[in-house]
Amino acid sequence: QQKRGIERRRLPPVPAGPGGADDAGDYHERFVRAYDRLRDELLADDTCELTDEARRWVEQMIDYNVPGGKLNRGLSVIDSYLLLKQGSEVTEDEFFLACVLGWCVEWFQACALLLDDIMDGSHTRRDQICWYRRPEVGLRGINDGILLKCHIARLIKRYFREKTYYIDISELWNEIALQTSLGQMLDLISTHNGADELAKYNIEGYRRIVKYKTSYYSFYLPVACALLLSGAKLENFSELRDILIEMGVYFQAQDDYLDCFVDPNTIGKIGTDIEDHKCSWLIVQALGHANINQIEVLLKNYGKKDSTSVSKVKSTYSTLDLKDMFSEFEDRAYKHLLTSIEAQHDLAVQEILKSFLKKIHRRKR
Ligand code: GPP
Ligand code: MG
Ligand code: MG
Ligand code: MG
């Protein structure tokens with residue numbers, strides 16, 4: 001379907017599975033099917049007297065930005081919910097509510113990525129040009145990001161306002177949005193002052209940035225949604241939260257690695273961390289292991305847009321064997337996480353965590 005030059009996003013194919021009622025392939029398809037319904041309900045929302053043109057804009061904007069990812073975060077809500085409900089029946093309505101929260105997480109991700117691409121000056125995302133780089137969008141995209149964020153509150157109000165946990169779930173979303181924005185701010189202000197700032201990069205600062213900008217919304221949020229949906233209280237799950245946060249740090253270190261070393265066609269986006277002077281896992285390790293001459297090369301070339309400077313940084317990374325260092329870090333992170341997971345008494349909690357770990361360990365995209 002072609003609409004004013006924007007092709008409707010195709011949702012990822014449903015993975016093959018034996019096809020039982022609780023089979024992963026089966027609920028993936030049911031999750032994907034919920035998308036059209038939620039988008040259409042948001043478009044029919046009468047909060048504002050939208051013109052046909054405006055409604056088309058919102059529809060195209062949602063289709064362009066929301067459904068085209070791996071859907072890992074959204075599907076994790078369903079995964080976790082089914083594990084928490086093990087042994088008891090999940091009705092059609094309950095399953096749909098899990099899909100609503102899963103799509104809310106995907107809506108949040110779409111909003112974060114749309115705005116992050118503007119802030120990072122990125123070029124492509126999910127194998128297509130970034131939304132704000134489309135000629136008809138530009139900085140109008142900022143409002144689209146805000147709109148995507150507002151959609152989440154609409155969906156939660158529509159489906160959860162009568163639930164006993166409505167305040168808990170609203171507060172959860174507010175808090176995680178705040179933490180993510182603060183994390184993004186830490187990421188952005190760390191790029192000030194060029195060389196002065198670079199000298200301050202260290203692993204503690206790195207962990208602080210990524211815990212807030214990535215871990216809370218990508219790892220804790222999906223599980224916290226599933227917990228509330230299953231009737232649990234979040235304060236009883238602080239160890240689960242801490243392990244998820246740790247997994248998010250590992251995940252963001254992978255993102256930083258992929259940004260520099262993997263073909264853009266594989267990850268669907270062109271890396272910009274070196275040009276943007278980001279406090280990435282790679283630069284933190286490089287600064288910790290470089291000799292005086294190598295530090296000088298890094299200080300001179302990091303955060304510069306030209307390809308010669310970027311190449312000099314990358315070749316210093318190679319000399320320092322950062323690929324091997326990262327591979328060792330992955331092994332250590334995996335073993336450490338597995339030990340923490342196996343120390344959990346609750347078997348459903350163990351299963352939730354193992355399913356996350358399996359999805360991300362040694363990921364290539
Ligand atoms: C990932 O950083 C973090 C985010 C996408 C959170 C953004 C939060 C906002 C409040 C806008 P990244 O820049 O490394 O991600 P990517 O590599 O995907 O651009
Ligand atoms: Mg960023
Ligand atoms: Mg970015
Ligand atoms: Mg990145």
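Which protein donors does the magnesium ion (ligand 2) have? That's where these exercises start. This is a predicted model, with pLDDT of at least 70 needed for local features and 80 or more for side-chain atom pairs, while totals for chains, interfaces and linings use all residues. Residues are numbered from 1 along each chain as its sequence is written, chains are lettered from A and ligands numbered from 1 in the order in which they are written, and side-chain values use heavy atoms, leaving out hydrogens and water.

**Exercise 1. Work out the protein side of the magnesium sites.**

Step 1. Start with ligand 2: its protein donors are D116 (OD) and D120 (OD), at 2.1 to 2.2 Å. Donors here are N, O and S atoms within 2.8 Å of the metal (3.2 Å for Na, K and Ca), and water is not among the atoms, so sites may look incomplete.

Step 2. Now do ligand 3. D116 (OD) and D120 (OD) turn up as the protein donors of this magnesium ion too, 2.1 Å from it.

Step 3. Helices are DSSP runs of H or I, at least four residues long, numbered from the N terminus.

Step 4. The cut-offs are under 20% relative accessible area for buried and over 50% for exposed, with partly exposed in between (1.4 Å probe, protein chains only).

**Exercise 2. Describe what surrounds ligand 1.**

Step 1. Count the shell: 15 residues surround ligand 1, and the closest are D116, D120, R125, D255 and K269. To be near, a residue needs a heavy atom within 4 Å.

Step 2. Sort the shell by class, and you get six charged, five polar and four nonpolar residues.

Step 3. Trace the helices. At least two shell residues come from each of α4, α6 (166-189), α8 (203-229) and α9 (238-261), and α4 gives the most, with five.

Step 4. An N or O atom in the K269 side chain is 2.7 Å from one; polar side-chain atoms give 3.0 Å for D255 and 3.2 Å for Q252.

Step 5. Finish with the cover: the protein buries 91% of the 510 Å² that ligand 1 exposes when taken alone.

**Exercise 3. Find salt bridges that join separate parts of the chain.**

Step 1. Take D45 and R154, which pair at 2.7 Å, N to O. D45 is in the loop between α1 (24-44) and α2 (52-65) and R154 is in helix α5 (residues 141-160), so this pair ties together parts 109 residues apart in sequence.

Step 2. Helix α3 (residues 72-84) holds D79 and helix α15 (residues 347-360) holds K359, so parts 280 residues apart in sequence are tied together. D79 is buried at 15%, whereas K359 is partly exposed at 32%.

Step 3. Look for a network: salt bridges link D36, R39, D40 and D63.

Definitions and conventions: Polar contact = N/O pair within 3.5 Å; in protein donor to acceptor, adjacent residues only side chain to side chain. Areas by Shrake-Rupley, 256 points an atom, 1.4 Å probe, with all protein chains shown as cover. Nonpolar A, V, L, I, M, F, W, Y, C, P; charged D, E, K, R; others polar. Salt bridge = Lys/Arg side-chain N within 4 Å of Asp/Glu carboxyl O.
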